Amino acid sequence: MDVCIYFQVHQPLRLAQYSIFESTTVSPDGGWAHKGKKYFDADLNAQIMDKIAKKCYLPTNALMLELLEKHPEFKISYSLTGVFIEQCKEFSPEVLESFKQLARTGRVEFLSETYYHSLSYLFSNKEEFISQVDLHAKAISEFATPSKVFRNTEAMFSNDIAYHVERLGYTGILAEGLEHILGWRSPNYLYTVKGCDRIKALLRNFKLSDDIGYRFSAKWWSEYPLTADKYANWLSQLQGDCVNIFMDYETFGEHHWSDTGIFEFLRHFPGEAAKHQNIRFATPSELVEKIPPRDDIDAPQVTSWADMERDTSAWLGNEMQTSAFSMLEAMENSVKDKQDPELMRTWRMLGNSDHFYYMCTKSLSDQDVHNYFSPYDSPFDAYINYMNVLTDFKDRIEKS
Amino acid sequence: MRIAMLGWEFPPFVSGGLGVHCFELTRALCRKGAEIDFFMPVSGKKITPSCPNLRIIEVAKTELAPYLVFTKKGKQASYGDNLIAAVNEYWTKCEDTVMREAAIKPYDVIHSHDWLTSRPGATLRKKLSTPLVQTFHSTEFDRTSWPWDYVLDVERAAAANADLIIAVSRRTREQVCRLGAPADKIRVVYNGVDRERFAGSQVDLRMVNSLKRDRKVVLFLGRLTEQKGPVQFLHAAEQVLSAEPNTLFVIAGKGELLPLLINMSIVLGISSNVKFLGYVPEEEQCKIYKIADVYVMPSTSEPFGITALEAMSSGVPVIVSKTSGVAEVAKSAIKVDFWDIKMMAQKIVAVLRFAPLSRTMVRLSNGEVNEHTWEKAADGTMRVYNEAISEYGKQVPALR
């Protein structure tokens with residue numbers, strides 16, 4: 001049984017509270033600001049980056065490095081969005097440095113994705129999606145070899161996505177191990193994808209992933225408290241070729257604070273795993289290389305790992321979200337015609353999936369998750385601020 | 001269950017939310033099998049009880065309104081010169097009448113509303129050895145910036161004497177705590193709305209032609225008193241008009257601030273975009289909502305704010321101040337700080353400008369108003385009655 005551990009690492013570039021009433025002086029630096037106003041809140045983004053660096057990135061990376069040194073068989077993988085890397089460079093260079101150190105161990109793989117953590121695959125024209133994948137590969141190659149395994153934003157996956165990604169030269173793609181795709185089959189095997197040649201799908205074992213990602217500190221959970229030996233024992237009893245444990249990196253220290261014991265769990269996990277002879281660690285590329293696919297899966301609709309629905313409804317579930325997204329998409333050609341890197345970057349930053357996530361109006365428990373991550377009081381406030389910025393930006397493109 | 005409910009007003013004799021509350025609550029309670037005698041001052045109008053289990057018993061003649069009026073001479077607010085005398089007279093007669101009725105058939109609970117009927121409630125509790133429930137629809141802190149000691153004393157006594165207290169929001173519960181009531185004696189029961197009455201009303205074409213025409217309408221509906229925030233509303237109007245000039249601000253209601261507000265609209269140079277309707281009778285209010293594109297409730301202090309639910313029922317997007325009780329329950333409303341005029345204006349502009357926002361808010365509120373029913377308020381009230389009876393029984397077992 002190969003255990004494949006993958007962490008998503010991302011911080012969005014949050015918008016500034018954008019007022020439509022301020023005076024209209026032109027920004028001297030011609031930067032992201034229009035009429036002298038900033039679209040993005042540098043202070044807020046720096047502050048959040050700093051907070052999460054202290055709570056999660058720095059201590060977790062230090063611990064990972066220690067574990068990699070102590071356990072030669074231990075392996076992990078990440079994907080870092082371009083937006084995250086940029087913010088590291090600007091606000092927290094030491095975080096990026098610690099990822100580089102991990103890269104140098106040679107047992108850490110960095111997966112590919114869109115640079116801007118965007119929904120660009122959902123544009124009807126795939127050109128922008130391809131550009132962003134390319135941009136991301138360039139950014140990663142500064143410190144590591146970009147992987148031939150791809151992870152679309154929030155694990156968005158479909159036959160069509162796999163098809164496009166395969167044509168870009170990727171050999172593997174991450175996806176949510178959903179029952180409606182798998183049927184009676186287990187996520188603990190690799191699969192080929194309907195309509196594609198060879199690309200292999202790595203399916204997230206959401207039960208075992210969420211045991212750490214969501215339930216680790218849940219006192220209502222019958223398995224609480226989760227210990228490293230218990231978890232390693234569960235893994236050793238699994239049937240299949242591999243188990244894919246995928247989660248947000250912020251699980252460590254941020255979603256579960258240090259006092260929940262999450263770091264202790266992590267510290268002991270590789271050692272506990274080593275006690276079971278049938279457990280080996282592997283990176284996504286190694287899985288793709290050595291494990292033959294067992295069957296074909298068919299995902300005609302886009303799936304993801306977000307919300308209860310596990311589809312695109314977290315970003316495009318209501319009219320506010322779809323209309324804002326259409327407006328952004330419709331600007332593609334006029335932005336590109338300007339051939340202005342700064343305008344291009346702004347437009348792409350406005351495509352961060354997070355902006356749309358904040359506008360979600362689902363009720364019940366998912367809304368709590370959306371609220372937890374949102375810098376806004378409500379989805380309406382998120383939409384209003386986004387639209388004020390986007391309208392202003394559109395105005396600027398049209399007038400320039 | 002037999003209830004002696006001590007009120008002040010009942011439709012069609014209504015000057016505030018208290019009358020609406022008593023009408024709807026008694027109707028819903030009677031449907032649940034309660035038998036209610038509703039005691040109130042002589043109104044001089046024909047009041048038809050809304051259900052067979054309800055008797056309206058008019059006690060003493062009074063011509064006083066329960067809300068503040070400004071005297072012509074100066075800034076000092078007062079309730080009118082002979083208020084205390086009239087109130088005392090009502091209290092005495094109310095007590096006598098309830099005693100007489102109780103002698104014929106005893107009551108299980110005495111329920112008084114606000115300070116205006118709290119004192120006879122306390123007296124009757126002793127004389128009849130019957131548990132007392134006291135509802136606070138507002139406190140003196142909400143009604144005026146210059147709380148009147150006399151009323152505060154009555155309210156403090158009311159908070160002390162009742163077996164259980166009903167507050168119309170968590171916000172009101174905090175205010176009642178300020179009056180000295182222990183928090184564990186207070187139950188929050190939110191107001192409801194008779195959705196059908198508002199959803200069913202038709203658009204009045206005459207009103208559209210004479211008032212709205214091709215303009216967007218921003219509506220204020222409430223007493224023109226400092227606590228309702230009409231001054232903030234006009235300041236926001238000025239800002240909104242700078243961005244959306246083809247907008248009409250409709251102010252429905254009367255109150256001591258009317259002359260000031262008219263003057264203010266002239267000074268701000270927006271008088272041609274502000275329309276004062278004066279007092280709008282209840283049956284006309286449904287029609288006013290129907291011509292509104294957004295309803296704004298900028299109250300500086302609002303114990304609940306039923307009008308927000310009425311507007312939601314009418315299919316109008318709603319913006320409410322965070323300092324209102326309804327903000328605690330209305331998920332589909334935008335919440336603003338009453339003092340942040342720019343932000344308030346920005347939200348108004350957004351609702352007028354972005355149709356997907358307005359439609360999403362209306363769609364969500366259509367679902368939401370079904371949860372805020374008087375049925376639910378009656379259930380909550382009934383639970384409080386039962387709790388009061390059992391608590392009272394524990395305190396004075398000999399008497400029961």
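Predicted model: local features only at pLDDT ≥ 70, side-chain atom pairs only at ≥ 80, totals over all residues.

**Entry 1: a helix in chain B.** I began with helix α6 of chain B, residues 170–178, and asked which of its residues are buried. They are B:Arg171, B:Thr172, B:Arg173, B:Gln175 and B:Val176. I then checked what covers them: the cover includes the strands β7 (132–136), β8 (164–167) and β9 (186–188) of chain B, along with the helices α4 (140–143) and α5 of that chain. Just past the end of α6(B), I found B:Gly180 with a positive phi of about 105 degrees.

Entry 2: The predictor gives the complex an ipTM of 0.88 and a pTM of 0.90. For chain A I noted an average pLDDT of 93, with 95% of the residues scoring at least 70. Chain B has a mean of 89, and 92% of its residues reach 70 or more. In chain B, the pLDDT is below 50 over residues 66–79, a stretch that has 23 contacts in the model beyond near neighbours in sequence. Chain A has such a stretch too: pLDDT stays under 50 over residues 23–36, where the model has 20 contacts beyond four places in sequence. I will read both stretches with care.

**Entry 3: a helix pair.** Two packed helices are described by the angle between their axes and the distance between the axes. Left-handed or right-handed? The crossing of α3(B) and α5(B) is left-handed. On the α3(B) side, the contact is made by B:Ser118, B:Arg119, B:Ala122 and B:Arg125, and on the α5(B) side by B:Val154, B:Ala157, B:Ala158 and B:Asn161. I sorted these residues into four nonpolar, two polar and two charged.

Entry 4: The loop between α3 and β7 of chain B holds B:Ser129. Its phi is near 50 degrees, a positive value in a residue other than glycine. B:Ser129 has 13 other C-beta atoms within 10 Å, so it is partly exposed.

**Entry 5: where the chains meet.** I counted 15 residues of chain A in contact with 16 residues of chain B. Which elements give two or more residues to the chain A side? They are α12 (319–330) and α17 (379–399) of chain A. The most comes from α17(A), with five residues. That side of chain A divides into seven nonpolar, five polar and three charged residues.

**Entry 6: the core.** The largest nonpolar core has 225 residues, and those with the most contacts inside it are A:Ile173, B:Leu219 and B:Ile348. Here α17(A) turns up again, giving the most to this core with nine residues. I followed up B:Ile348: leaving aside neighbours within four places in sequence, it is in contact with B:Val218, B:Ala236, B:Val240, B:Val294, B:Val296 and B:Ile319.

Entry 7: Helix α3 (residues 93–104) of chain A contains A:Phe99. Why does A:Phe99 count as buried? It is buried because 22 other C-beta atoms lie within 10 Å, where 20 or more are needed. Beyond four places in sequence, A:Phe99 is in contact with A:Asn61 and A:Leu80. For A:Ala274, in helix α9 (residues 262–274) of chain A, I find 15 other C-beta atoms within 10 Å, so it is partly exposed. A:Ala274 touches A:His71 and A:Glu73, not counting residues up to four places away in sequence.

Entry 8: A cis peptide bond joins A:Tyr224 and A:Pro225, with omega about -5 degrees. A:Pro225 lies in the loop between α7 (206–213) and α8 (228–236) of chain A. The last stop was A:Glu154, in the loop between β4 (146–150) and α5 (159–167) of chain A. Its phi is positive, near 50 degrees. A:Glu154 counts as buried because it has 24 C-beta neighbours inside 10 Å.

Note on methods:
Residues numbered from 1 in each chain as written. Chains lettered and ligands numbered in written order. Left-handed = near helix turned anticlockwise from the far one by under 90°. Helix = DSSP H or I, 4+ residues; strand = E, 2+ residues; numbered from the N terminus. Contact = placed C-beta atoms within 7 Å. Nonpolar A, V, L, I, M, F, W, Y, C, P; charged D, E, K, R; others polar. Core = buried A, V, L, I, M, F, W, Y, C linked by C-beta atoms within 7 Å. Buried ≥ 20, exposed ≤ 12 C-beta atoms within 10 Å, placed from the backbone. pLDDT = per-residue confidence, 0-100.
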